Amino acid sequence: MDKKHIAILLAILFAVAMVPVFDDDPYFLQIFIMIMLFAYWGTSWNMISGFAGQMSLGHAAFAGIGAYTSTVLFINYGLSPWLGMLVGGVIAGGFGLLIGYPCFKLRGTYFTLATIAFLNVIRILVLANQSVLGFDIRGAQGLSVPWRGDSLVNMQFLSKTPYFYLILVLLLVVILISHLIKESKMGYYLAAIKTNQEAANSLGVDVTRYKLMAQFISVFFTAIGGSFYAQFILFIDPQRLLGFDLSLEIAIIALIGGQGSVLGPALGAFILVPVAELTRAHISGELAALPIILYGLSLMVIIYYLPEGVHKYIARWFRPSAK
Amino acid sequence: MESILQAGVSGILMGGIYSLIAIGLSLIFGVMRIINFAHGEFLMVGMYLSYWLITLLGIDPYVAALIVTPVLFLIGYAFQHGPLNTMLVREKTREPLSILLYTAGLSLVLQNVALIWFGADARAVSTSYTGTTFDLGPMIISIPRFYAFGISIVCTGFVFWVLTKTEIGRAIRATSQDRNTAKLMGINEKKIYCIAFGLGSALVGISGALLVPFYYIFPTVGSVFGLRSFIIVVLGGVGSIKGAFYGGILIGLVEAIATQFISPAYAEIIVFMMFVAVLLFKPTGLFGLEKS
């Protein structure tokens, strides 16, 4: 990436960071926050699904685990969500490894189906139980995050602006980590695994180890996203947060933008989420399902015409000589 | 004791329909290695189609099945002929992930179009069969479920006959074993794909029509059945019609008994865990059958 690209990206970053300064209409900020949250989730998802080619359609489970963990700790021990989200990340990471270790033996579509199975198991367990390990999680009713005042420690704010900057920082963090992984030896190993696992293995790449590493990192950050979501919405709806629909949406965003590239998922989010949010706002009642139809159609169109995602297409503008 | 028997029979009857849906998917997966994520949504389409035929035209549900089946066949055929064949050719690797994703998108579209068009409310049809039962010893058997089971068995037998005794069936089996050799033998494998997808969709269409007399119809009804059918196909052994058949019955049984004695939620968990267990420990399927 040369200086011109970096300059452009920094300019975009600056423009985004200045948004709340120019317009702090809460609804407007809300859209941006959701865009960045999905960009964040997409980028995290991409680390295992895009880079390593292990397409997980069960990632929402980890967002949910993160959300519930940090919230339960917040409710029962008053633990600051800043710490709670790290705990959530680690616990989710543990689950990710637990699920990943046996499942990584499976190829392609079988792996994907297994991730869906685990997602459903976790979802049903949460829905069916009022409490877990003695902690109240309210099952299908959903868990409310108690409002303990506008404070940094509690990660709760009256205005949307702090949330905006928080998710922006988180997004930058995962993009950075994503970039570091991609450019590192690990990134190359993952790419080799994605292209041809057997060949990579025969060349001495420790396939299991790198897959698990990517999985842990991906899941860890996905869970933190879940905690953020809980603190932002102040309510955890297990049907939504642990649902297959969310998993698929995250995947769609990353795929549309371009899985396998660092900025692809963010691009996908910036394209799809605004359309969805705006449609959701202006069309009500029966047509409320229109945004999801849009997601579905986008997926179909992109997979058919541009399977590498929009990113590849745009990247060509920047460097017509390469690739 | 009686309740086990009742649950068991109930489960087997439902299992018949699961089998039929799974056999449809198995055909598609076996021949083309495609995971049709929208398989459940095709079921939903079949159900709504039946529903409208019954309520608007007053047709007998089992006659409606005769109309729904060819319609779904054509829909399936068209999809394969158009977008899917193109993508299948493009992706030369083992299982085409792109088609899984494409059909996942399709399933979202179908579900939500149905949601907009028909509304989220569950519908039920009142047919002359609905709610009727007969007694078999200590058990009460629901007549529409019984018919559904019976017709499913007949259809399964028919599929079996087609696959083993007809030219087309042999072509399908040949293509699923080795598409390149089949091509060398003069089989137009693209056409076979279309027929397989059409047939698989037709089977799911019949299943939908058979469900209507006793099951609720709503836009997301396909997702549960669809996911079940993937599980059953893997359970029975990919590409094995016999496996899908037994798998369906087994899942129906397990589900019914677990629902009765534990809870519906844990019944689902058990099914999922069985699925994962088979994937990990016996990937060729519980019944160890490779091809039918």
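Q: What is the handedness of the crossing of α7(A) and α9(A)?
A: In this predicted model, the crossing of α7(A) and α9(A) is left-handed. The term applies because the near helix is turned anticlockwise from the far one by less than a right angle.

Q: Why is α7(A) called roughly perpendicular to α9(A)?
A: The axes of helix α7 (residues 185-195) of chain A and helix α9 (residues 207-233) of chain A cross at roughly 110° and come within 10 Å. Angles of 65 to 115 degrees count as roughly perpendicular, so α7(A) is roughly perpendicular to α9(A).

Q: Which residues of α7(A) and α9(A) meet?
A: From α7(A), A:Met186, A:Tyr189, A:Leu190 and A:Ile193 meet A:Val207, A:Tyr210, A:Lys211, A:Met213 and A:Ala214 in α9(A). This contact comprises 8 nonpolar, no polar and 1 charged residues. Lys counts as charged, and A:Lys211 is among the residues of α9(A) that take part.

Q: What makes α11(A) roughly perpendicular to α12(A)?
A: Helix α11 (residues 244-257) and helix α12 (residues 264-282), both of chain A, have axes that cross at roughly 105° and come within 6 Å. The range for roughly perpendicular is 65 to 115 degrees; therefore α11(A) is roughly perpendicular to α12(A).

Q: How do the residues of the contact of α11(A) with α12(A) divide by class?
A: They divide into 9 nonpolar, 3 polar and no charged. Gly counts as polar, and the residues that meet include A:Gly257 in α11(A) as well as A:Gly264 and A:Gly268 in α12(A).

Q: Why are β1(B) and β2(B) said to pair, and in which sense?
A: Strand β1 (residues 133-136) and strand β2 (residues 139-142) of chain B are joined over 4 bridges in the antiparallel sense. Pairing requires at least two bridges, so the strands qualify as paired. One of the bridges links B:Leu136 to its partner B:Met139 in β2(B). The two strands form a hairpin with 2 residues between them, and B:Gly137 in the turn has a positive phi of about 65°.

Q: Which element gives the most to the side of chain B that touches chain A?
A: The contact takes 31 residues from chain B and 33 residues from chain A. On the side of chain B, α3 (61-90), α4 (97-118), α9 (221-236) and α11 (264-281) give two or more residues, and α4(B) gives the most, with 14 residues. By class, that side has 24 nonpolar, 4 polar and 3 charged residues.

Key: Residues numbered from 1 in each chain as written. Chains lettered and ligands numbered in written order. Predicted model: local features only at pLDDT ≥ 70, side-chain atom pairs only at ≥ 80, totals over all residues. Axes fitted to C-alpha atoms, helices over the stretch in contact; angles between N-to-C directions. Parallel < 35°, antiparallel > 145°, perpendicular 65-115°, else oblique. Contact = placed C-beta atoms within 7 Å.
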